[in-house]
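Visitor: Hi! I've got a model to look through today, could you walk me through it?
Guide: Happy to. Here it is.

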Amino acid sequence: MATSTVPAAMAALVATLRAASELSDVEILDGPPTVDMARGDVIAVGWSSDGEQAAQFAQTFNAAGARTRDEDFDIRCLIDVWSGDSDFAAVRARAFAVLAVVEDAIRASAPDPTAPTLNGAVLWAHLTQGALIQSFTDQGARAGLAFTVTCHARI
């Protein structure tokens with residue numbers, strides 16, 4: 001018996017994003033970057049710019065008898081977009097366009113779009129929060145969009 005569905009959900013989220021044709025020009029990373037993120041648009045699953053938590057989970061008994069448990073967890077992710085110039089409006093718009101594709105991919109990750117299960121890894125998953133981070137670097141305008149995918153599962 002698995003002690004948590006977090007690893008399977010993270011792997012399913014990576015696979016779901018990599019399978020989204022609208023993200024074919026975006027590098028999808030499983031975990032923190034190991035290369036220069038200035039090579040193009042990037043989504044890092046299980047990583048944030050502060051490098052702290054990849055995911056956080058809590059479990060409770062589902063019912064009397066302790067045979068099954070409910071697990072609720074958040075997967076932290078980051079979209080990073082840069083332009084090479086000083087156009088913050090463009091990188092900000094691109095970051096939110098990528099986020100829209102991420103949200104659509106999560107919503108449609110099961111045969112029934114109203115049941116976003118990350119292909120059966122969880123009972124449901126949805127995008128619940130985000131934070132925009134803007135900076136100007138030697139590589140031009142950058143927009144980071146930290147976001148959280150919140151999941152509910154049964155173990």
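Visitor: Leaving aside neighbours within four places in sequence, which residues is alanine 95 in contact with?
Guide: A quick note before I answer: this is a predicted model. Outside its sequence neighbours within four places, alanine 95 is in contact with Ile79, Val81, Ala143 and Leu145.

Visitor: Where does alanine 95 sit?
Guide: Alanine 95 belongs to helix H2.

Visitor: Is alanine 95 buried or exposed?
Guide: Buried, since its relative accessibility is 0%.

Visitor: And how many residues apart in sequence are alanine 95 and alanine 143?
Guide: The two are 48 residues apart in sequence, while their C-alpha atoms are 6.6 Å apart in space.

Visitor: What stands opposite alanine 143 in S6?
Guide: That would be glutamine 134. S5 and S6 run antiparallel, with 13 bridges joining them. A hairpin through 2 residues connects S5 to S6.

Visitor: How many bridges join S4 to S6?
Guide: There are 13, and S4 and S6 run antiparallel.

Visitor: How many residues of S6 are buried?
Guide: 14 of its 15 residues are buried, so S6 is largely enclosed by the rest of the structure.

Visitor: Let's talk about the core. How many residues does the largest nonpolar one have?
Guide: The largest nonpolar core has 37 residues, and Leu23, Ile43 and Ile75 are those with the most contacts inside it. The elements giving two or more residues to this core are H1, S2, strand S4 (69–82), H2 and strand S6 (140–154). H2 supplies the largest share, 8 residues. As general background, nonpolar side chains in soluble globular proteins tend to be buried together.

Visitor: What is isoleucine 75 in contact with, leaving aside neighbours within four places in sequence?
Guide: Quite a list! Among them are Ala9, Met10 and Leu13, then Val45, Gly46, Ala54 and Ala55. Isoleucine 75 is also in contact with Phe147, Thr148, Val149 and Cys151.

Visitor: Switching to charges: how many salt bridges does a search of the whole structure find?
Guide: The search finds 5. One of them is between the side chains of aspartate 25 and arginine 94, at 3.3 Å from N to O. Aspartate 25 lies in the loop between helix H1 (6–19) and strand S1 (27–30) and arginine 94 in helix H2, so this pair ties together parts 69 residues apart in sequence.

Visitor: Is aspartate 25 buried or exposed?
Guide: Aspartate 25 counts as exposed, at 52% relative accessibility. Arginine 94 is partly exposed, with a relative accessible area of 26%.

Visitor: What about aspartate 41, which residue does it form a salt bridge with?
Guide: Its partner is arginine 94, and the closest N and O atoms are 2.6 Å apart. This pair links distant parts of the chain, 53 residues apart: aspartate 41 is in the loop between S1 and strand S2 (42–45), and arginine 94 is in helix H2. Aspartate 41 is buried, with a relative accessible area of 15%.

Visitor: And what meets arginine 107 in a salt bridge?
Guide: Glutamate 103 does, with 2.9 Å from N to O between the side chains. Both residues lie in helix H2, 4 residues apart, which is about one turn of the helix. Arginine 107 is partly exposed at 47% relative accessible area, and glutamate 103 is partly exposed at 26%.

Visitor: Which residues do salt bridges with shared partners join into one network?
Guide: Asp25, Asp41 and Arg94.

Visitor: Last one: where does threonine 117 lie?
Guide: Threonine 117 is in the loop between helix H2 (88–107) and strand S5 (124–137).

Visitor: Is threonine 117 buried or exposed there?
Guide: Threonine 117 is buried, with a relative accessible area of 15%. Leaving aside neighbours within four places in sequence, threonine 117 is in contact with Ser109, Ala110, Val122 and Leu123.

Notes: Residues are numbered from 1 along each chain as its sequence is written. This is a predicted model: local features need pLDDT of at least 70, side-chain atom pairs count only at pLDDT 80 or more; totals for chains, interfaces and linings use all residues. Side-chain values use heavy atoms; hydrogens and water are left out. Buried means under 20% relative accessible area, exposed over 50%, partly exposed in between (1.4 Å probe, protein chains only). Contact means heavy atoms within 4.5 Å. A salt bridge is a side-chain nitrogen of Lys or Arg within 4 Å of a carboxyl oxygen of Asp or Glu. A nonpolar core is a set of buried Ala, Val, Leu, Ile, Met, Phe, Trp, Tyr and Cys residues joined through side-chain atoms within 4.5 Å. Two strands pair if DSSP finds at least two bridges between them.
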